[in-house]
Amino acid sequence: MGKEILNEKSRFLVKNILRGFLYLAILIFAFLIIKNTIGEEQRELWFGGIYDNPPMVITVYVVSEVLFGIIPPEVFILWSLETEHMGSYLTSIGLLSILSYIAGFLNFTLGRLLKNNGKIMQIKNRLLKKQIYLFKKYGAFLIIVAAVSPIPFSATALLCGAGGMLPRTYLLYSLLRIVRFYVYGIVLANIEEL
């Protein structure tokens, strides 16, 4: 029985990592199309006001990360690659990953605070039905998968808090979020050179 569960968890992890790389490939493809079909002047005209306003970009990023990753973090990794408004590219990735890690912990803490509030948990149960099912099935393993794949990280963090996961366990497993940012960031930087 234990080996079967471990195999199922391993398949779940591999499947979602592959989904993450598929998603990354789609993002790279879209990035290359935009870069090669739309001139730099046109891109500057469309995105210049946003790209050149780091406080606004970081605010949107933090809000997105707290609100369950509305905008994929790779968009912001690309922003840091293109603009270098936050220092060197590796520093930017580090800052973005730490902000994501903190946003996840805020949601984890919120989940712990709200777990005994019946009305809020009913709303959560309706809105996050799929993540609740996955958390019940995979438990702490889900935060590892959410940290490295497109599964909504902050929503999973909220569920981990509401599910009673120990903060130390959550903080340790979610460190993989930082690894994911660097892996994706390095891949995107290498694509930029094409």
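Trainee: Let me start with Glu65: buried or exposed?
Mentor: Glu65 counts as buried, with a relative accessibility of 3%. Buried here means under 20% relative accessible area, exposed means over 50%, and partly exposed lies in between (1.4 Å probe, protein chains only).

Trainee: Before we go on, what am I looking at?
Mentor: This is a predicted model, where local features need pLDDT of at least 70 and side-chain atom pairs count only at pLDDT 80 or more, while totals for chains, interfaces and linings use all residues. Residues are numbered from 1 along each chain as its sequence is written, and side-chain values use heavy atoms, with hydrogens and water left out.

Trainee: Back to the glutamate. Which residue forms a salt bridge with Glu65?
Mentor: Arg177 does, and the closest N and O atoms of the pair are 3.2 Å apart. The two sit in distant parts of the chain, 112 residues apart: Glu65 is in helix α3 (residues 54–66) and Arg177 in helix α11 (residues 176–192). By salt bridge I mean a side-chain nitrogen of Lys or Arg within 4 Å of a carboxyl oxygen of Asp or Glu. Helices (H or I, at least four residues) and strands (E, at least two) are DSSP runs, numbered from the N terminus.

Trainee: And Arg177, buried or exposed?
Mentor: Arg177 is buried, also at 3% relative accessibility.

Trainee: How many salt bridges does the count come to?
Mentor: Two. The other one pairs Glu74 with Arg180, with the closest N and O atoms 2.6 Å apart. Glu74 is in helix α4 (residues 73–83) and Arg180 is in helix α11, 106 residues away, so to speak a link between distant parts of the chain. Glu74 is buried at 2% relative accessible area, and Arg180 is buried at 5%.

Trainee: Zooming out, how many helices and strands does the protein chain have?
Mentor: Eleven helices and zero strands. Of the 194 residues in the protein chain, 40% are buried.

Trainee: What share of the contacts in the protein chain between residues at least 6 apart in sequence join residues at least 24 apart?
Mentor: That share is 75%. A contact means heavy atoms within 4.5 Å.

Trainee: New topic: how many residues of α9 are buried?
Mentor: Ten of its ten residues are buried, so α9 is largely enclosed by the rest of the structure. Among them are Phe153, Leu158 and Cys160. After α9 comes Gly164, which has a positive phi near 90°.

Trainee: Which residues does Thr156 touch, not counting those up to four places away in sequence?
Mentor: Thr156 touches Gln131, Leu142, Ile143, Ala146 and Ile151. Thr156 lies in helix α9 (residues 153–162) and is buried, with a relative accessible area of 0%.

Trainee: How many residues has the largest nonpolar core?
Mentor: It has 21, and those with the most contacts inside it are Phe12, Leu142, Ile143, Cys160, Met165 and Tyr170. Two or more residues each come from α7 (129–138), α8 (141–148) and α9, and α8 gives the most, with eight. There is also a second, separate core of 20 residues, including Tyr61, Leu78, Ala189 and Ile191. A nonpolar core is a set of buried Ala, Val, Leu, Ile, Met, Phe, Trp, Tyr and Cys residues joined through side-chain atoms within 4.5 Å.

Trainee: What about the outside: which residues form a nonpolar patch on the surface?
Mentor: Phe21, Leu176, Val179 and Val183 do, with about 300 Å² of accessible area together. Helix α11 supplies the largest share of the patch, three residues. Val179 is in helix α11 and counts as partly exposed at 46% relative accessibility. Patches are made of residues with over 30% relative accessible area and no salt bridge; like charges are joined within 9 Å, and nonpolar side chains (Val, Leu, Ile, Met, Phe, Trp, Tyr) within 5 Å. Accessible areas come from the Shrake-Rupley method with a 1.4 Å probe, and for residues only the protein chains shown count as cover.

Trainee: Last one: where is the place of Glu84?
Mentor: Glu84 is in the loop between α4 and α5 (89–114). Glu84 has a positive phi of about 55° although it is not a glycine. Most residues other than glycine have a negative phi. Glu84 counts as partly exposed, at 49% relative accessibility.
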